[in-house]
Each structure stands twice: as structure tokens, then as C-alpha cells.
Amino acid sequence: MLNILSLIIGVIALLLGVLAFFPLLGWAYWLIIPIALVGLGLGVVSRQKSGRNLNLVVIVVGAIRLMLGGGVI
């Protein structure tokens, strides 16, 4: 059950991340990464790894996007 919840949160964060790839919307990753961290926490507690992996991908892509945009130095 926790893995399904983690997957749902991860998919929502992923869809928001796709929208944040548009120019001038990179600041949205400051909101998306904490959402994915909640999903990651739920994915770590569950037995399966798919929710955890999805949220890790969203966090890594978001962090790289923030670094490229100058949001994280």
C-alpha cells in the first residue's frame, strides 16, 4: 500500500516536473523536490523499490535542473 502511495506521489511530482521544464518555470523545482522527498520516504518504508526509484529519478532530475538554472550553487 505504501508503494502505491509512493508511486502516486512520484507520478504527480514527475508531471509537475515536466511542466517545470518550460522556460521561466524552473523555480517550481523548489516545490517539486520536497514533494518527491515525501514520496521517497514512503518508498523507503515499503517493501518494493519502484516507488522509491521513481522519486529518486525526479529528485535527481530536479536537482540537476536547479543547478543548470542557477538555483543551487
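These legends describe close-up views of a predicted model. Local features need pLDDT of at least 70, side-chain atom pairs count only at pLDDT 80 or more, and totals for chains, interfaces and linings use all residues. Residues are numbered from 1 along each chain as its sequence is written, and side-chain values use heavy atoms, with hydrogens and water left out.

**View 1. The largest nonpolar core.** This core has 11 residues. They are Ala 13, Ala 20, Ala 28, Tyr 29, Ile 32, Ile 33, Ala 36, Leu 40, Val 58, Ile 59 and Leu 66. Two elements, α2 (29–45) and α3 (50–69), each give two or more residues to the core. The largest share, 5 residues, comes from α2. A nonpolar core is a set of buried Ala, Val, Leu, Ile, Met, Phe, Trp, Tyr and Cys residues joined through side-chain atoms within 4.5 Å. Buried means under 20% relative accessible area, exposed over 50%, and partly exposed in between (1.4 Å probe, protein chains only). Helices are DSSP runs (H or I, at least four residues), numbered from the N terminus.

**View 2. Helix α2 against helix α3.** The axes of α2 and α3 come within 8 Å and cross at roughly 155 degrees. The two helices are therefore roughly antiparallel. α2 passes α3 in a left-handed crossing. Residues of this contact divide into 13 nonpolar, 4 polar and 2 charged. Among those that meet are Trp 30, Ile 33 and Leu 37 in α2 and Leu 56, Ile 59 and Ala 63 in α3. Axes are lines fitted to C-alpha atoms, for helices over the stretch in contact, and angles run from 0 to 180 degrees between N-to-C directions. Angles under 35 degrees count as roughly parallel, and those over 145 as roughly antiparallel. A crossing is left-handed if the near helix is turned anticlockwise from the far one by less than a right angle. Ala, Val, Leu, Ile, Met, Phe, Trp, Tyr, Cys and Pro count as nonpolar, Asp, Glu, Lys and Arg as charged, and the others, Gly among them, as polar.

**View 3. Ile 33 and Ala 63.** Leaving aside neighbours within four places in sequence, Ile 33 is in contact (heavy atoms within 4.5 Å) with Ile 59, Gly 62, Ala 63 and Leu 66. Ala 63 is found in helix α3. At 27% relative accessibility, Ala 63 is partly exposed. Ala 63 and Trp 30 are 33 residues apart in sequence and 9.0 Å apart in space, C-alpha to C-alpha.

**View 4. Helix α1 against its two partners.** α1 (residues 2–19) and α3 pack at about 20 degrees, with axes 8 Å apart. That makes α1 roughly parallel to α3. Their contact holds 7 nonpolar, 6 polar and 1 charged residues. α1 and α2 pack at about 160 degrees, with axes 8 Å apart. These two are therefore roughly antiparallel. α1 passes α2 in a left-handed crossing. This contact has 12 nonpolar, 4 polar and no charged residues.

**View 5. Arg 65 in helix α3.** Arg 65 is found in α3. Arg 65 is buried, with a relative accessible area of 18%. Beyond neighbours within four places in sequence, Arg 65 is in contact with Ala 20, Phe 21, Phe 22, Gly 26 and Tyr 29.

**View 6. Leu 24 in the loop between α1 and α2.** Leu 24 is found in this loop. Leu 24 is exposed, with a relative accessible area of 78%. Phi of Leu 24 is near 70 degrees, a positive value in a residue other than glycine. Most residues other than glycine have a negative phi.

Note on methods:
Parallel < 35°, antiparallel > 145°, perpendicular 65-115°, else oblique.
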